[in-house]
Amino acid sequence: MTISTYGLMALVILAIGTPTIVFAQTENEVNEGASNGEKQSSTSTESEHGGSTNSINSSLILFVTVISIASVVGYSTWKVYKAKRKAASKNLV
Amino acid sequence: MHFFSTNTKLKIFALTFLLFAPTMVFADDGERNSTAVTIGWIGIILGIIANLSLVTFKIIRKPTIVKLVGGYDTQSLTPLYTPILNFHILFNSLGFFAGLSHGLMLIRGLDAISLSLAMIMTVSMASGIILKYAPDKNTKFFSRLVHGQFILATLLITLVILHVLTHSRF
């Protein structure tokens with residue numbers, strides 16, 4: 001492999017790894033916040049209801065994004081596989 | 001008279017824009033614009049310009065549009081493709097790294113929308129890099145399919161709008 005390929009791979013790894021690192025950092029902060037929150041007074045029922053709705057929305061947005069990415073990658077892989085099979089069958093004939 | 005080539009004109013335009021972009025953003029006011037927010041706006045502006053230029057070029061190359069508008073043919077536009085593609089790559093790379101810096105600087109305000117946006121941007125960027133540099137035909141085909149998916153583009157636009165609406169104080 002050439003140096004440019006190594007550089008490219010490093011960039012791709014950095015680009016893919018960044019959201020994970022960011023997410024891990026936030027998880028830590030959330031955990032810290034949760035442990036501090038136990039010491040504080042409890043919140044009202046109304047705010048709890050709002051919090052759960054926000055949580056559902058957040059989960060839904062993340063779910064839709066992950067499903068979209070997975071479906072796009074899956075569809076593209078299937079297309080490539082189909083094209084390869086077609087080419088292989090043509091070579092046999 | 002013909003002073004500069006198209007490529008040079010595009011470079012001059014890009015450099016001028018890059019010089020003035022921060023000034024234009026800072027010119028608003030000094031109250032709510034921190035550096036991180038400014039970087040985020042620069043990323044959005046760069047992304048819009050980078051993608052609109054390529055999409056517009058691809059639209060005006062379509063035979064139906066050529067027939068409708070007239071006065072040019074698709075062959076005359078062919079030499080412009082490489083400079084516009086390079087412009088798209090350059091501006092999107094700058095926009096991606098601006099967005100990355102913005103996200104890392106404001107990491108405490110991360111929510112589901114921002115994380116989803118980061119994921120979509122990363123997939124688009126990674127597939128773009130692979131599309132540009134992959135030597136293998138199948139890998140190139142795969143990355144072209146991923147990079148050009150309508151659903152990803154729609155999701156990206158929606159998430160950018162949601163991100164701006166949820167984080168900006170108008």
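Mentor: We begin with a definition: buried means under 20% relative accessible area, exposed means over 50%, and partly exposed lies in between, with a 1.4 Å probe and protein chains only. Helices are DSSP runs of H or I with at least four residues, strands are runs of E with at least two, and both are numbered from the N terminus. This is a predicted model, in which local features need pLDDT of at least 70, side-chain atom pairs count only at pLDDT 80 or more, and totals for chains, interfaces and linings use all residues. Residues are numbered from 1 along each chain, chains are lettered from A in the order in which they are written, and side-chain values use heavy atoms, without hydrogens and water.

Trainee: Which residues of helix α7 of chain B are buried?

Mentor: In α7(B), residues 137-147, they are Ser143(B), Leu145(B) and Val146(B).

Trainee: What puts them on the same side of α7(B)?

Mentor: They cover an arc of only 155° around the axis, and therefore lie on the same side of α7(B). The arc is taken from the directions from the helix axis to the C-beta atoms.

Trainee: What makes a set of residues a nonpolar core?

Mentor: Its members are buried Ala, Val, Leu, Ile, Met, Phe, Trp, Tyr and Cys residues joined through side-chain atoms within 4.5 Å. The largest such core has ten residues, among them Ile69(A), Val72(A), Val146(B) and Leu152(B). At least two residues each come from α2 of chain A and from α6 and α8 of chain B, and α6(B) gives the most, with four.

Trainee: Which residues does Val146(B) touch, beyond those up to four places away in sequence?

Mentor: Contact means heavy atoms within 4.5 Å. By that criterion Val146(B) touches Val72(A), Ser76(A), Val123(B), Ser127(B) and Leu152(B).

Trainee: Why is His167(B) called partly exposed?

Mentor: His167(B) has 38% relative accessibility, and so counts as partly exposed. This residue lies in helix α8 of chain B. Leaving aside neighbours within four places in sequence, His167(B) is in contact with Gly109(B), Asp111(B) and Ser114(B).

Trainee: How far apart are the C-alpha atoms of His167(B) and Gly109(B)?

Mentor: They are separated by 8.8 Å, while the two residues are 58 residues apart along the chain.

Trainee: What share of chain B counts as buried?

Mentor: Of its 170 residues, 32% do. Chain B has eight helices and zero strands.
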